[in-house]
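Let's take a walk through this one together, strand by strand and then side chain by side chain. Have the model open as you read.

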Amino acid sequence: MDTPSEINSVFWNEQTKSWDYKIVKVDEYFGFSECQQCRKPMSHNVKTDGKFKVVYVKCACADRK
């Protein structure tokens with residue numbers, strides 16, 4: 001997997017009670033944790049705006065119905 005320059009993160013919006021998305025710029029990339037079922041990235045360890053963060057994304061299981 002190539003090092004991303006930005007990630008489309010998913011987060012829970014408490015006001016609207018739904019999932020929202022936000023583009024996070026990546027300064028440094030430190031790898032990811034994969035989903036145990038679909039083996040796709042579920043969270044990424046990054047440094048953005050001078051802070052280390054875990055950025056969550058939708059894995060392939062989220063699109064299954």
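Start at Tyr29, whose bridge partner in E4 is Val46. Keep in mind that you're looking at a predicted model.

Now carry on from E4 into E5. These two also pair in the antiparallel sense, over six bridges, and one spot to look at is His44, whose bridge partner in E5 is Val55. The hairpin of E4 and E5 has two residues between the strands, with Asp49 in the turn at a positive phi of about 55°.

Next, the aromatics. Searching the whole structure turns up two aromatic pairs. Take Trp12 and Trp19: their ring centres are 5.2 Å apart and their planes sit at 75°, so this pair is edge-to-face. Trp12 is partly exposed, at 38% relative accessible area, while Trp19 counts as exposed at 55%. Phe30 and Phe52 make a tilted pair, with 5.5 Å centre to centre and 50° between the planes. This pair links distant parts of the chain, since Phe30 is in strand E3 and Phe52 in strand E5, 22 residues apart. Phe30 is partly exposed at 44%, and Phe52 is exposed at 61%.

What about the cysteines? A search of the whole structure finds zero disulfides. For Cys38, the nearest cysteine sulfur is that of Cys61, 3.7 Å away; a disulfide needs the two sulfurs within 2.5 Å, so Cys38 is in none. Cys59 is in no disulfide either, and its nearest cysteine sulfur, on Cys35, is 4.0 Å away. Are these two buried or exposed? Cys38 counts as buried at 18% relative accessibility, and Cys59 is buried too, with a relative accessible area of 12%.

Finally, have a look at the largest pocket, which has a volume of about 210 Å³. Its lining comprises 13 residues, and Ser9, Lys22, Val24, Lys53 and Val55 are the ones nearest its centre. Strands E1 (6–13), E2 (18–25) and E5 (51–56) each supply at least two residues of the lining. By class, that lining has seven nonpolar, two polar and four charged residues.

Notes
Residues numbered from 1 in each chain as written. Predicted model: local features only at pLDDT ≥ 70, side-chain atom pairs only at ≥ 80, totals over all residues. Heavy atoms only, no water. 1 Å grid on protein atoms, 1.4 Å probe; cavity = no way out; pocket = protein on both sides within 12 Å on 5 of 7 lines; lining within 4 Å. Points joined across faces, edges and corners; volume = space filled by probe spheres on them. Helix = DSSP H or I, 4+ residues; strand = E, 2+ residues; numbered from the N terminus. Nonpolar A, V, L, I, M, F, W, Y, C, P; charged D, E, K, R; others polar. Buried < 20%, exposed > 50% of the residue type's maximum accessible area, 1.4 Å probe, protein only. Pairing = 2+ DSSP bridges. Phe/Tyr/Trp six-rings, centres within 6.5 Å; stacked < 30°, edge-to-face > 60°.
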